[in-house]
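Some terms used for a protein model rest on cut-offs.

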Amino acid sequence: MIKIHQTRFLGTFVKKPDVKHSLVTEQNLRPHVDYISPADKLSNIRQIRYGKKLDETPAELALRLYATELHEWNHRYWEQQNKQYLNLKQQLLDEIEGIECEDEVERIMGEFYRSYLLSNRLNFNNYTAQWRLHNIRLILLSIRAQGSRVVRKLKSKLRNAPI
């Protein structure tokens, strides 16, 4: 039996399988529920499987597809960035392996972190600017999707209202 922890997150229910029990498979997933995975080992980003609402409007579909695309873009960026960082860090650790003095190792690592951040500053700034623009678009799509949901409910109530 699969034990699923259910929590409320941004208007949707998040399902997290209890790892002590068997894993959730595609057959166990309900299509209208969002699922969040554990953090990826390289990107540190949790993968999200956005559920399709049973009566999804075109605006909600656009939002879900864009959110999925944005999440994958974010995952790819941090996966590539962290892979590059870990490779450079491992090269440095291999070079300083014989140094016994902890203070010297800390100084070298501090210089490495500082130089890495400074050398990638433009890249990080570009990512942040793009991320902000993507999030503004995501907010606008969310507003549009919520508006379409409200209009649909109002039309349904008007059709069913006694005259």
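Q: What share of the contacts in the protein with a separation of 6 or more comes from residues 24 or more positions apart?
A: In this predicted model, such residues account for 46% of those contacts.

Q: How many helices and strands are there, and what pattern do they follow along the sequence?
A: The protein has three helices and four strands. Read along the sequence, the pattern is β-β-β-β-α-α-α.

Q: What makes β3 and β4 a strand pair?
A: At least two bridges are required. β3 and β4 (residues 46-49) have three bridges, in the antiparallel sense, and therefore pair. Ala 39 has Arg 46 in β4 as its bridge partner. Six residues lie between the strands of this hairpin, where Asn 44 takes a positive phi near 65°.

Q: Why is Pro 38 called exposed?
A: The cut-off for exposed is over 50% relative accessible area. Pro 38 has 61%, so Pro 38 is exposed. Pro 38 lies in strand β3 (residues 34-39). Leaving aside neighbours within four places in sequence, Pro 38 is in contact with Ile 45, Arg 46 and Gln 47. The C-alpha atoms of Pro 38 and Ile 48 are separated by 9.5 Å, and these residues are ten apart along the chain.

Q: Why does His 75 count as buried?
A: Buried means under 20% relative accessible area. His 75 stands at 12%, so the label buried applies. His 75 is in helix α1.

Q: What makes the pair of His 75 and Gln 47 a polar contact?
A: The limit for a pair of N or O atoms is within 3.5 Å, with one able to donate a hydrogen and the other to accept it. The side chains of His 75 and Gln 47 make their polar contact at 2.9 Å. Not counting residues up to four places away in sequence, His 75 touches Asp 40, Ser 43, Ile 45 and Gln 47.

Q: Why is the pair of Trp 78 and Tyr 127 called edge-to-face?
A: Ring centres must lie within 6.5 Å, and planes over 60 degrees apart count as edge-to-face. Here the centres are 5.3 Å apart and the planes are at 80°, so both conditions hold. Trp 78 is in helix α1 and Tyr 127 in helix α3, 49 residues apart, so the pair links distant parts of the chain. The structure holds 13 aromatic pairs. Ring pairs link ten residues into a cluster, including Trp 73, Phe 112 and Trp 131.

Q: Which residues have the most contacts inside the largest nonpolar core?
A: They are Leu 92 and Leu 138, in a core of 19 residues. α1 (58-95), α2 (102-119) and α3 (121-160) each give two or more residues to this core. α1 gives the most, with nine residues. Leu 138 touches Leu 63, Tyr 66, Ala 67 and Leu 70, not counting residues up to four places away in sequence.

Conventions. Residues are numbered from 1 along each chain as its sequence is written. This is a predicted model: local features need pLDDT of at least 70, side-chain atom pairs count only at pLDDT 80 or more; totals for chains, interfaces and linings use all residues. Side-chain values use heavy atoms; hydrogens and water are left out. A nonpolar core is a set of buried Ala, Val, Leu, Ile, Met, Phe, Trp, Tyr and Cys residues joined through side-chain atoms within 4.5 Å. Buried means under 20% relative accessible area, exposed over 50%, partly exposed in between (1.4 Å probe, protein chains only). Contact means heavy atoms within 4.5 Å. Rings of Phe, Tyr and Trp (its six-membered ring) pair if their centres lie within 6.5 Å; planes under 30 degrees apart count as stacked, over 60 as edge-to-face and the rest as tilted.
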